[in-house]
Amino acid sequence: MKNYFEITGVYAREVLDSRGNPTVEAEVYIKNGIFGRAIVPSGASTGIFEAVEKRDGDKERYMGKGVLEAVGKVNTVIRESLVGRNVLSQREIDMELIRLDGSENKENLGANSILAVSAACADCAAKALGISLFKYLGGVNAHVLPRPMMNILNGGAHADNNLDIQEFMIIPTSALSFKKGLEQCVCVYHSLKNVLKEKNLSTAVGDEGGFAPNLNSDEEAFDLLIEAIEKAGYKSGKDFMISVDAASSEWIKSDGEYHLPKSDKRLDSKQLCDYWEKIVNKYPIYSLEDPMGEEDWKGWEMITKVIGNKVKLVGDDLFVTNTKRLKKGIEGNIANTILVKINQIGTITEALDAVEMAHKSGYSAILSHRSGETEDTIISDIAVAVNCGLIKTGAPARTERVAKYNRLLRIEDELIFTAEF
Ligand code: PGA
Ligand code: ZN
């Protein structure tokens, strides 16, 4: 039985993500032809402290975005060091990948090559054991289905419209099951489409499937969301709340002031904090993600003091799924929630560690997709495995987003009456 779980092969290839950019897919094999597979996602508004995504830079292929070098690392050094190891030893495998890379930010092998293999090992292990991935990763206590924080209106770096805020999300707060919450979100999504049509606004979508109209101001987006919620027959503030990802690290300029590129406004940290306080007092806000920039710890401290007891303040570019940065945040009473993106850190083990550290310190964790996604649905499994209760995976449109929701429907079915929402 011991040899049954021995890794016999590791193989990677270049495939495409949802933006038509190349990305790494890896397969990990054990005996009897059982194998696991994973594809890594890719961000657009990436944080400067994220682990490094290795791209070829060869302008002759895919405008420099090819990942053949990263693929090559999997097919040589990574394969050599993993063949013969037990695929069930996820932590040991991930530590070996970190050791092999040898850098602080995974720049040598690339977080894309490392994560593809790390996730493919988990997938293979679950298949070898004949259990679902969420059960393999989370054990017998994995049972909480996450509430979707559904991004239905896009701006910022994800859309060519005039909105500075990157994501306007709806979160179903009264639904009693994932299935019902998803259905309600879909109704609001379609309701928003009708609202936009009635106003002769564009219903073209951004990278994460949300609509991307040009509006008079970012605040108009909140009003449209509320109109869509009410017209779908729900009460905003009761059945639905609103979440925002400002992705404000995209705004900051070298003089330390925030420069909102589309509206051409300039604000210092205090003015930005005042703006968010006003938004939180005016609208039913559940969470604000990256309301301050990734290096503006003072601004973060200020906003946490002012509204940290009212809403979730989510560190995405701030924490980059990195326990060192999260620890600094926890010690400084900064933010109260971490966004978890597996490719920001590069191994499944480190992502699980980040969730664990957050939970132990009373912080929430939200599993998240990237704006460049694929058919891979491991984030749905991880969300249930860690019982974090929240997931960000885009609009219910575009198959790379819908695949995550469909995976959660299957997980909810598998858990039958033991599923909690
Ligand atoms: P990204 O955006 O995947 O382009 O980084 C998602 C986010 O900022 O949450
Ligand atoms: Zn974000």
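Predicted model: local features only at pLDDT ≥ 70, side-chain atom pairs only at ≥ 80, totals over all residues.
Analyst: Residues are numbered from 1 along each chain as its sequence is written, chains are lettered from A and ligands numbered from 1 in the order in which they are written, and side-chain values use heavy atoms, leaving out hydrogens and water.

User: Why do β1 and β2 count as a pair?

Analyst: Two strands pair if DSSP finds at least two bridges between them. β1 and β2 (residues 22–30) are joined by nine bridges and run antiparallel. Nine meets the requirement of at least two, so they pair.

User: What makes β1 and β3 edge strands?

Analyst: The open sheet has three strands in the order β1-β2-β3, with antiparallel pairing. β1 (7–16) and β3 each have a single partner strand, so one side of each lacks a neighbour in the sheet. On average, neighbouring strands here are turned by 15° against each other, direction ignored.

User: How do you know that helix α1 packs on the sheet?

Analyst: By contact, meaning heavy atoms within 4.5 Å. α1 (residues 68–82) touches β1 and β2. Its direction makes about 175° with that of β1. Axes are lines fitted to C-alpha atoms, for helices over the stretch in contact, and angles run from 0 to 180 degrees between N-to-C directions.

User: Which strands stand at the edges of the nine-strand sheet?

Analyst: This open sheet runs β4-β14-β13-β12-β11-β10-β7-β6-β5, with mixed pairing. β4 (147–148) and β5 (150–154) are the edge strands, each pairing on one side only. Two bridges join β4 to β14 (residues 390–392), in parallel. Two is enough for a pair, since the rule asks for at least two.

User: Why is a space called a pocket, and not a cavity?

Analyst: On a 1 Å grid over the protein atoms alone, a cavity is a set of points where a 1.4 Å probe fits but cannot get out; a pocket is an open set with protein on both sides within 12 Å along at least five of seven lines. The largest pocket has a volume of about 340 Å³. Grid points are joined across faces, edges and corners, and a volume is the space filled by probe spheres set on the points.

User: What makes a residue part of the lining?

Analyst: An atom within 4 Å of a point. For the largest pocket, 18 residues qualify, with Glu104, Asn322, Lys324, Ile345 and Glu350 nearest its centre. α9 gives the largest share, three residues. The lining divides into four nonpolar, six polar and eight charged. Asp, Glu, Lys and Arg count as charged; Ala, Val, Leu, Ile, Met, Phe, Trp, Tyr, Cys and Pro as nonpolar; the others, Gly among them, as polar.

Technical notes: Helix = DSSP H or I, 4+ residues; strand = E, 2+ residues; numbered from the N terminus.
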